[in-house]
Amino acid sequence: MFKNKLNETKSRKVNVKLSTQTMAVFAILIAAQFVISQFLTFQVWNIKISFSFVPVVIAARLYGAVGAAEVAGIGDIIGVIFRPVGIWFPPITISAMLVGAIFGLFLKKSDSFIRILISVLISEFVFSLFITPLWLTILYKGNETDFFAFYFSTLVSRLFVQIIPMTIVKLVVITAMLKAMDKIKFVRHMTEVNT
């Protein structure tokens, strides 16, 4: 009986330690996402390259869909609070969370190129090309008569100026990053613990 209570106490201590460790890692990833999205985004002409997806992919690898969605969502809200570009629009945050969840679903247990490709294509060609511009058009154009003309006129330019370059960047960075993460002992340990 005493041995069972001792094992139960040890188990609780491990869970508390892991949850504290998890919260610390979440805080670091959210802070990193804010810093990267605000200060390490590069723009050349109309082409904008952002690496703010990196902390979300790390969260996806370590914690899966839920963890990545939380990092993406909280990071988006903090970005709006501390460096507002416009007003906070919840559907944009929900889209960011869904992209995080997609990365988590595809990248948690595998780093095959096919899974990376599918997750990047969904994030770029579904969300970045169609859904996020739709939210921005609703936010800024509302019920104006030229709503659809404005929305569809931006799609073609966005495809060549934003989506294709970011797809290439994400494929290269995520592939290299996941291979590097698998070699780091702490990451391997965290991945095993959260499986």
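**Close-up views of the helix packing**

**View 1. Helix 2 packs with helix 3 at an angle of about 175°, their axes 7 Å apart.** This is a predicted model, in which local features need pLDDT of at least 70, side-chain atom pairs count only at pLDDT 80 or more, and totals for chains, interfaces and linings use all residues. Residues are numbered from 1 along each chain as its sequence is written, and side-chain values use heavy atoms, with hydrogens and water left out. Two packed helices are described by the angle between their axes and the distance between those axes. Axes are lines fitted to C-alpha atoms, for helices over the stretch in contact, and angles run from 0 to 180 degrees between N-to-C directions. Helix 2 and helix 3 are therefore roughly antiparallel. Helix 2 brings V56, V57, A60, R61, G64, A65, A68, A69, A72, G73, D76 and I77 to the contact. Helix 3 brings I92, T93, A96, M97, G100, A101, F103, G104, L105 and L107. By class, this contact has 15 nonpolar, five polar and two charged residues. Nonpolar covers Ala, Val, Leu, Ile, Met, Phe, Trp, Tyr, Cys and Pro; charged covers Asp, Glu, Lys and Arg; the others, Gly among them, are polar.

**View 2. A60 lies in helix 2.** A60 is buried, with a relative accessible area of 0%. Buried means under 20% relative accessible area, exposed over 50%, and partly exposed in between (1.4 Å probe, protein chains only). A60 and G104 are 44 residues apart in sequence, yet 4.0 Å apart in space, C-alpha to C-alpha. Not counting residues up to four places away in sequence, A60 touches A68, F103, G104 and K108. Contact means heavy atoms within 4.5 Å.

**View 3. A65 is also found in helix 2.** Leaving aside neighbours within four places in sequence, A65 contacts G100, A101, G104 and L105. From A65 to L98 the C-alpha distance is 8.7 Å, across 33 residues of sequence.

**View 4. Helix 3 spans residues 90–107.** Its 18 residues reach 26 Å from first C-alpha to last, close to the 26 Å expected at 1.5 Å a residue. The expected span is 1.5 Å times one less than the number of residues. Buried here are T93, S95, V99, G100, A101, I102, F103, G104 and L107. These buried residues pack against helix 2 (53–82), helix 4 (113–141) and helix 5 (147–182).

**View 5. Helix 2 meets helix 5 at about 45°, with axes 11 Å apart.** That makes helix 2 oblique to helix 5. Their crossing is right-handed. A crossing is right-handed if the near helix is turned clockwise from the far one by less than a right angle, and left-handed if anticlockwise. F53, V54, V57, I58 and R61 of helix 2 meet residues of helix 5, including M166, V169, K170 and V173. By class, the contact has 11 nonpolar, no polar and three charged residues.

**View 6. Helix 4 and helix 5 cross at roughly 150°, their axes coming within 8 Å.** The two are therefore roughly antiparallel. Helix 4 passes helix 5 in a right-handed crossing. The residues of this contact divide into 21 nonpolar, six polar and four charged.

**View 7. The chain has six helices and two strands.** Helices (H or I, at least four residues) and strands (E, at least two) are DSSP runs, numbered from the N terminus. The elements run α-β-β-α-α-α-α-α from the N terminus on. Of the 195 residues, 36% count as buried.

Definitions and conventions
Angles under 35 degrees count as roughly parallel, over 145 as roughly antiparallel, 65 to 115 as roughly perpendicular and the rest as oblique.
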